[in-house]
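Please consult the sequence and the structure shown below while reading.

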Amino acid sequence: MGSNRRMKIVIATWGSVGDVFPYVGLALALRARGHRPVLAMPLVYRDVIEQEGLELRATRPGLPVGPPHTAAPGMEGAGEVTAVGPGV
């Protein structure tokens with residue numbers, strides 16, 4: 001039995017690009033099937049998520065700001081720390 005029910009699906013992670021990109025692919029597949037995926041992850045991935053036209057909800061704590069491949073703390077090229085919270 002199939003269902004035509006459209007769902008809002010939240011996909012949450014607090015990880016590296018190895019965690020994030022597979023979830024982006026999953027979110028794109030869900031959207032293609034008519035669902036509304038929402039990715040909950042650090043703001044450092046904002047550009048990647050918005051570039052795909054997906055919805056992002058920030059998680060805490062923030063990671064250093066920089067290109068996704070430099071997101072892990074201590075990696076060369078990492079930028080400043082992002083504050084994440086209500087009203088931010």
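The sections that follow treat the overall architecture, the sheet, the helices and the nonpolar core.

**Overall architecture**

The model is predicted. The protein contains 2 helices and 3 strands, and along the sequence these elements follow the pattern β-α-β-α-β. Of its 88 residues, 34% count as buried. The accessible surface amounts to about 5,700 Å², and carbon and sulfur atoms account for 54% of that area. Among contacts between residues at least 6 apart in sequence, 42% join residues at least 24 apart.

**The sheet**

The strands form an open sheet of 3 strands in the order β1-β2-β3, with parallel pairing. Strands β1 (8-12) and β3 stand at the edges with a single partner strand each, so one side of each has no neighbour in the sheet. On average, neighbouring strands of this sheet are turned by 25° against each other, direction ignored. As a general point, strands of a sheet pair through backbone hydrogen bonds, either parallel or antiparallel.

The pairing of β2 (residues 36-41) with β3 (residues 55-58) is parallel and extends over 4 bridges.

| Residue | Opposite residue in β3 |
|---|---|
| Ala 40 | Arg 57 |

**The helices**

Helix α1 lies across β1 and β2, and its direction is at about 165° to that of β2. Helix α2 (residues 46-51) belongs, together with β2 and β3, to a right-handed β-α-β unit.

**The nonpolar core**

Which residues have the most contacts inside the largest nonpolar core? This core has 14 residues, and the ones with the most contacts inside it are Val 24, Leu 39, Met 41, Tyr 45, Ile 49 and Leu 54. The elements that give two or more residues to the core are α1 (17-32), β2 and α2. Of these, α1 gives the most, with 4 residues. In soluble globular proteins, nonpolar side chains tend to be buried together.

Ile 49 illustrates how the core is joined. Neighbours within four places in sequence set aside, Ile 49 is in contact with Val 24, Leu 39, Met 41, Leu 54, Glu 55 and Leu 56. Val 24, Leu 39, Met 41 and Leu 54 are also among the residues with the most contacts inside the core.

Definitions and conventions:
Residues numbered from 1 in each chain as written. Predicted model: local features only at pLDDT ≥ 70, side-chain atom pairs only at ≥ 80, totals over all residues. Heavy atoms only, no water. Pairing = 2+ DSSP bridges. Right-handed = clockwise from strand over helix to strand, strands pointing away. Core = buried A, V, L, I, M, F, W, Y, C linked by side-chain atoms within 4.5 Å. Buried < 20%, exposed > 50% of the residue type's maximum accessible area, 1.4 Å probe, protein only. Contact = heavy atoms within 4.5 Å. Axes fitted to C-alpha atoms, helices over the stretch in contact; angles between N-to-C directions. Areas by Shrake-Rupley, 256 points an atom, 1.4 Å probe, with all protein chains shown as cover.
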